[in-house]
Amino acid sequence: MEKDWPFASENDTMRTVVFHEGPIQPPFICNFDMESDMDLWNILNPDNDVTWQWNEVGSNVEILYDFNNPLNDYLVTKYPVHLKPGTAYIVFDYNAYATYPESMAVLYGQSAEPVEMAEIGRMEGFVAGGNPYFLKELE
């Protein structure tokens, strides 16, 4: 019996990636060693300009410098990290390119919206080769 649909005889298999949809239990470690690590993050780029991207050469995530506009882009965990009462730590490495001064803030909250988060750390005017390590103890 012949079918009318033109692709009836071809492979109709479909593949998709499925992500965990609940809170992530600590420790949450993301080294950005692979491009697929970006799947754990949402990129918020409200003005649709330069934004976060994975860099294969350095195996890291980066945002390129914009000489004309300050950047207001965010990298937010796709799923909440469930921190238990007591003490938790946030640790990451950061750096800048050459001598262009950069600034960055670390936000924390129960919402994925930056305006609803609290600032827990700010690095102002750092350049390449500075103090590329952030450690914050949350109580």
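Which residues form one aromatic cluster?

Mentor: Y65, F67, Y97 and Y100 form one aromatic cluster. First, the ground rules. This is a predicted model, so local features need pLDDT of at least 70, side-chain atom pairs count only at pLDDT 80 or more, and totals for chains, interfaces and linings use all residues. Residues are numbered from 1 along each chain as its sequence is written, and side-chain values use heavy atoms, with hydrogens and water left out.

Now the rings. Eight aromatic pairs turn up in a search of the whole structure. Rings of Phe, Tyr and Trp (its six-membered ring) pair if their centres lie within 6.5 Å; planes under 30 degrees apart are stacked, over 60 edge-to-face, and the rest tilted. One of the pairs is Y94 with F126. Their geometry is edge-to-face, with 4.7 Å centre to centre and 70° between the planes. Y94 sits in the loop between β5 (88-93) and β6 (102-108), and F126 in strand β7 (residues 118-126), so the pair ties together parts that are 32 residues apart in sequence. Strands here are DSSP runs (E, at least two residues; helices are H or I, at least four), numbered from the N terminus. Buried means under 20% relative accessible area, exposed over 50%, and partly exposed in between (1.4 Å probe, protein chains only).

Beyond its neighbours within four places in sequence, F134 is in contact (heavy atoms within 4.5 Å) with I90, V91, F92, Y94, V106, I120, G121 and M123.

Next, the charges. The count comes to two salt bridges. The rule is a side-chain nitrogen of Lys or Arg within 4 Å of a carboxyl oxygen of Asp or Glu. R122 meets E119 at 2.9 Å, N to O. R122 also meets E124, at 3.0 Å. E119 is partly exposed at 43% relative accessibility, as is R122 at 46%. E124 counts as exposed, at 52%.

D66 makes a contrasting case. D66 lies in the loop between β3 (60-63) and β4 (74-77). D66 is buried yet has no salt bridge, and the nearest side chain of opposite charge, R122, is 17 Å away. Lys and Arg count as positive, Asp and Glu as negative; His and the chain ends are not counted. Backbone nitrogens do approach the side chain of D66: N68 at 2.9 Å and N69 at 3.2 Å. Leaving aside neighbours within four places in sequence, D66 is in contact with D49, V50 and L71.

Terms used: A polar contact is a pair of N or O atoms within 3.5 Å; within protein, one must be able to donate a hydrogen and the other to accept it, and residues adjacent in sequence count only if both atoms are side-chain atoms.
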